Amino acid sequence: MFGKRGPDTPAKVPAPAVALAASRAPAPAAVPVVPAAAPAPMRRPPEPAPAPAATAKIRPDSYYETKSKVFAALIDTIDLSQLARLETEAAREEIRDIVNDIIAIKNFAMTIAEQEDLLADICNDVLGYGPLEPLLARDDIADIMVNGARQTFIEVNGKVQEAGVRFRDNQQLLNICQRIVSQVGRRVDESSPICDARLPDGSRVNVIAPPLAIDGTVLTIRKFKKDKLTLDQLVGFGAISPEGAEILQIIGRVRCNVVISGGTGSGKTTLLNCLTRYIDEDERIITCEDSAELQLQQPHVVRLETRPPNIEGEGEITMRDLVKNCLRMRPERIIVGEVRGPEVFDLLQAMNTGHDGSMGTIHSNSPRECLNRIESMIAMGGFSLPSRTVKEIVTGSIDIIVQAARLRDGSRRITHITEVLGMEGDVITTQDLFVYDILGEDSRGKLLGRHRSTGVGRPAFWDRARYYGEEQRLARALDAAEIKGAGPQ
């Protein structure tokens, strides 16, 4: 089946294929193995290790030299187009058999553990994302940051640490990046060195390649958890109080227009995913994103994604094009993954013309700054409107701003739930429903704080809550928030 052979292929590996694993006689005895020394008994550390041994291990240069030789012999032996037709497990077994033969014939002295590591790495290189595979398999990693072939960092529990993985060379790293972005119809090379893409699970991917990245291709992956977070889990993490979570649920159900504001890595997209869980299943929802990350559970969802220009510089579809087209698709809610340009004007117009319950995220550090950034983006879009008119459009469109923040200890908190009320003169007026106060820090450097209600008797969306039958629930949540003395979290 795999009939391709190169000049350096060992004679013992037959050309007609190195046949499928099921039809081959096993030859474990032919593999010279240096027995691994019995590990000394180890006491369990007081806290679980943050990374499995497979990702924390830093291997010597000799390991990568051996891997390069084995990999080159493997590529000369097999036909990758035929291998791609097999199921993943069958392909892995075929690769394992061929690699075992190559190791035996070339007399590489390896322990059993080293040989297993080599087999896993080569299978990942051929069938997956190479050294990224063990990192992608871990659900405790939030970000993967690859700074060239020899340096990789990960974020675990809000803290950045170096991972003990590296790539064979910069070409292998670039090949893996091209494999990732090609799955969503995009490309990255010298002529198009910047690319945004996504993994099949929705994880956000950014690639910037040479010549723009001087020290080699830089790959950044904002990793999504396999199990999507819910508001109840955010309460458990201390990101919001139970009463605040109840208010957010009501806000999602009564079709308030919501903007989620926050800095990079503050959890805006996660919070947006949480809020969309409370949209009724009979509503038609249209999402617009640069790279499709939102994963809504409702049955009637239309997902749209922008498109970069082609190699001739043509064919680009911008976020504004998508938002404008949404208005012709009979949406009941429009959700924009990230507002970063003149499309904000079209989103505000949609919010103000019958598409209640629309949502979006924006980069800013406070609710007041969020409003200022919206005005600035409208101005940058070339709209020659008086300042007061722009502010009236903003106040007539946005009901709620939810502010998320990543604190200096790595924790993420919802710091404000703020209503946009209206105008006083030329100033947009707002009122906070919930705020997060930092009270200090403990001996381990973790910040202590509490979420508290500001004591607003009736929020501005009270009548809307009454219309949707949520008035009593809202009243109970507000009363509980005022009565309960929230302690440090």
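In this predicted model, helix H4 carries a set of buried residues, namely Ala91, Glu94, Ile95, Asp97, Ile98, Val99, Asn100, Asp101, Ile102, Ile103 and Ala104. The helix covers residues 88-106, 19 residues in total. From its first C-alpha to its last, H4 reaches 27 Å. That is close to the 27 Å expected at 1.5 Å a residue. Asn107 follows the helix. Its phi is positive, near 55°.

Six strands build an open sheet. Their order is S3-S2-S1-S6-S5-S4, and the pairing is antiparallel. Strands S3 (159-163) and S4 (194-198) stand at the edges. Each has a single partner strand, so one side of each is left without a neighbour in the sheet. Neighbouring strands are turned by 15° against each other on average, direction ignored. The partner of S4 is strand S5 (residues 204-208), and the two pair in the antiparallel sense over five bridges. Within this pairing, Ile194 has Ile208 of S5 as its bridge partner.

The loop between S5 and strand S6 (218-222) contains Pro211. A cis peptide bond joins Pro210 and Pro211. Omega for this bond is about 10°.

Two arginines show a positive phi. For Arg255, phi is near 65°, a positive value in a residue other than glycine. Arg255 is placed in the loop between helix H9 (242-253) and strand S7 (258-262). Its relative accessibility is 11%; Arg255 therefore counts as buried, the cut-off being under 20%. For Arg330, phi is near 50°, again positive in a residue other than glycine. Arg330 also sits in a loop, between helix H11 (319-326) and strand S10 (333-336). Arg330 has a relative accessible area of 58%, so this residue is exposed, the cut-off being over 50%. Thus Arg255 is buried, whereas Arg330 is exposed.

The structure holds two aromatic pairs. One of them is formed by Tyr467 and Tyr468. The ring centres lie 5.0 Å apart, with 85° between the planes. The pair is edge-to-face, because planes over 60 degrees apart count as such. Accessibility was also computed for both tyrosines. Tyr467 is exposed, with a relative accessible area of 68%. Tyr468, at 33% relative accessibility, counts as partly exposed.

Technical notes. Residues numbered from 1 in each chain as written. Predicted model: local features only at pLDDT ≥ 70, side-chain atom pairs only at ≥ 80, totals over all residues. Heavy atoms only, no water. Pairing = 2+ DSSP bridges. Helix = DSSP H or I, 4+ residues; strand = E, 2+ residues; numbered from the N terminus. Axes fitted to C-alpha atoms, helices over the stretch in contact; angles between N-to-C directions. Expected span 1.5 Å × (residues − 1). Buried < 20%, exposed > 50% of the residue type's maximum accessible area, 1.4 Å probe, protein only. Phe/Tyr/Trp six-rings, centres within 6.5 Å; stacked < 30°, edge-to-face > 60°.
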